Amino acid sequence: MAEFFSENWQALLWFFAALGLLALEAATVQLVSIWFCLGAVAATVAAIWHWSGTAQLLVFFVVSAVTLAATRPLAGKLLHFKQTPTNADSMIGMSGPVLETINNTTQTGRARVNNLDWTARSVTGEPIGKDTIITVEAIEGVKLMVRPAQKETGENLNKN
């Protein structure tokens with residue numbers, strides 16, 4: 001038995017690398033290491049055939065790269081999940097007053113939208129003064145990305 005291990009230590013090393021990569025893949029929710037696991041399996045075969053260490057590494061990298069290139073676009077399409085809108089997304093397009101001057105440089109600013117107090121940042125980067133009416137353009141994390149609301153004039157109302 002000891003002779004088997006001493007003669008096939010490279011194959012065992014690649015085999016355990018493949019098992020480790022497979023365990024890593026099983027522990028994640030996305031495809032991360034399956035291609036490298038397949039490369040390690042191929043290198044295990046090369047080691048069993050007593051190929052040189054350089055040839056084993058070459059087999060590992062080539063098989064990993066080929067399987068990655070061949071399957072990654074397909075996997076990306078299959079694993080691309082539709083983003084589910086949240087209640088916070090309903091804030092986009094709503095308006096409200098600025099409670100604290102919005103200044104991206106000093107990372108300050110609060111606005112009230114839909115009767116809720118939010119941290120707010122300016123989409124344009126320009127400061128927005130207190131009591132200005134803003135419109136929500138996007139939500140990034142827990143911050144509203146806002147811009148000053150457009151005031152409608154009688155001229156604009158007539159065009160609608």
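Is tryptophan 49 buried or exposed, and what is its relative accessible area? I looked this up in the model, which is a predicted one, and found that tryptophan 49 is exposed, with a relative accessible area of 56%.

**Aromatic pairs.** I noted 4 aromatic pairs in the structure. I then turned to phenylalanine 60 and phenylalanine 61, whose ring centres are 5.2 Å apart and whose planes stand at 65°, which makes the pair edge-to-face because the angle is over 60 degrees. Phenylalanine 60 is buried at 12% relative accessibility, whereas phenylalanine 61 is exposed at 53%. Ring pairs join Phe60 and Phe61 with Trp14 in a cluster.

**Nonpolar cores.** I found that the largest nonpolar core has 12 residues, including Met91, Trp118, Ile128 and Val146, and that strands E1 (95-103), E2 (108-113), E3 (116-122), E4 (133-140) and E5 (143-148) each supply at least two residues of this core. Apart from this core lies another, of 8 residues, with Trp14, Cys37, Ala43 and Ala47 among them. For valine 146, leaving aside its neighbours within four places in sequence, I listed contacts that include Ile102, Ala120, Ile134 and Val136.

**Threonine 105.** I located threonine 105 in the loop between E1 and E2, where it counts as exposed at 71% relative accessibility. Its C-alpha is 9.1 Å from that of glutamate 126, although the two are 21 residues apart in sequence.

Notes:
Residues are numbered from 1 along each chain as its sequence is written. This is a predicted model: local features need pLDDT of at least 70, side-chain atom pairs count only at pLDDT 80 or more; totals for chains, interfaces and linings use all residues. Side-chain values use heavy atoms; hydrogens and water are left out. A nonpolar core is a set of buried Ala, Val, Leu, Ile, Met, Phe, Trp, Tyr and Cys residues joined through side-chain atoms within 4.5 Å. Buried means under 20% relative accessible area, exposed over 50%, partly exposed in between (1.4 Å probe, protein chains only). Helices (H or I, at least four residues) and strands (E, at least two) are DSSP runs, numbered from the N terminus. Contact means heavy atoms within 4.5 Å. Rings of Phe, Tyr and Trp (its six-membered ring) pair if their centres lie within 6.5 Å; planes under 30 degrees apart count as stacked, over 60 as edge-to-face and the rest as tilted.
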